[in-house]
Amino acid sequence: MQKFLSILAGMLVLPLLPFDVHSANAKVVGPPEMAWKDMNPKQKRAFMKAAVQPKMKEVFQAFDAKKFAKFTCETCHGKDGADRKYKMPSNDIHALPNTPETFQAMMKKEPTWPKFAEFMSQKVEPAMGTLLDVPIYDPKKPVEGAFGCAKCHKVEAMTP
């Protein structure tokens, strides 16, 4: 877990091209003009559709174009996303261990975990943090509302 947290703490924020999101004639409201927490469901949905989904599709497909060829709301929010009003964490994204020791054991046991952990910490978290205009989780300096693993993944007790 220490290695993962070091990667996470030392990562650089992905530069994202500025975007001016428009829907028909009206500008879609989103961070930093309006904080995510202050947006109503309709504004959140519009922002997700216009800004988050296209950018994250690009990020995920650059990582694995075959696995993420189909990138929709369900990719992150799960098959029951609409029923849950798109609340996160998702029921369909695999859970993560709740201790550093178990996380390290899983990193050794599961061959895909190191690759995905690096991708998530160096690409996904910075991109989402930037899109939502929130800090990226830093275990050395935790900040309330920061974007990290637990925003998308459930964190549970598990055995390796």
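What you have here is a predicted model, where local features need pLDDT of at least 70, side-chain atom pairs count only at pLDDT 80 or more, and totals for chains, interfaces and linings use all residues. Residues are numbered from 1 along each chain as its sequence is written, and side-chain values use heavy atoms, with hydrogens and water left out.

Let's start with the big picture. The protein has 5 helices and 4 strands; helices (H or I, at least four residues) and strands (E, at least two) are DSSP runs, numbered from the N terminus. Reading from that end, the order is α-β-β-α-α-β-α-α-β. Of the 160 residues, 32% are buried, where buried means under 20% relative accessible area, exposed over 50%, and partly exposed in between (1.4 Å probe, protein chains only). If you take the contacts (heavy atoms within 4.5 Å) between residues at least 6 apart in sequence, 57% of them join residues at least 24 apart.

Now look at two helices that pack together. Two packed helices are described by the angle between their axes and the distance between the axes. Helix H4 (residues 100-109) meets helix H5 (residues 113-132) at about 120°, and their axes lie 7 Å apart. Axes here are lines fitted to C-alpha atoms, for helices over the stretch in contact, and angles run from 0 to 180 degrees between N-to-C directions. H4 and H5 are therefore oblique to each other: angles under 35 degrees count as roughly parallel, over 145 as roughly antiparallel, 65 to 115 as roughly perpendicular and the rest as oblique. On the H4 side the contact uses Phe103, Met106 and Met107, while H5 brings Trp113, Pro114 and Ala117.

Next come the charged pairs. There are 3 salt bridges in the structure, each a side-chain nitrogen of Lys or Arg within 4 Å of a carboxyl oxygen of Asp or Glu. One of them joins Asp38 to Lys37, with the closest N and O atoms 3.3 Å apart. Asp38 is partly exposed at 48% relative accessible area, whereas Lys37 is exposed at 68%.

Another salt bridge links Glu58 and Lys55 at 2.9 Å, N to O. These two sit 3 residues apart in helix H2 (residues 41-63), so about one helical turn separates them. Glu58 is partly exposed at 48%, but Lys55 is buried at 19%.

Finally, Asp80 pairs with Arg84, and their closest N and O atoms are 2.9 Å apart. Asp80 counts as partly exposed at 22%, while Arg84 is buried at 19%.
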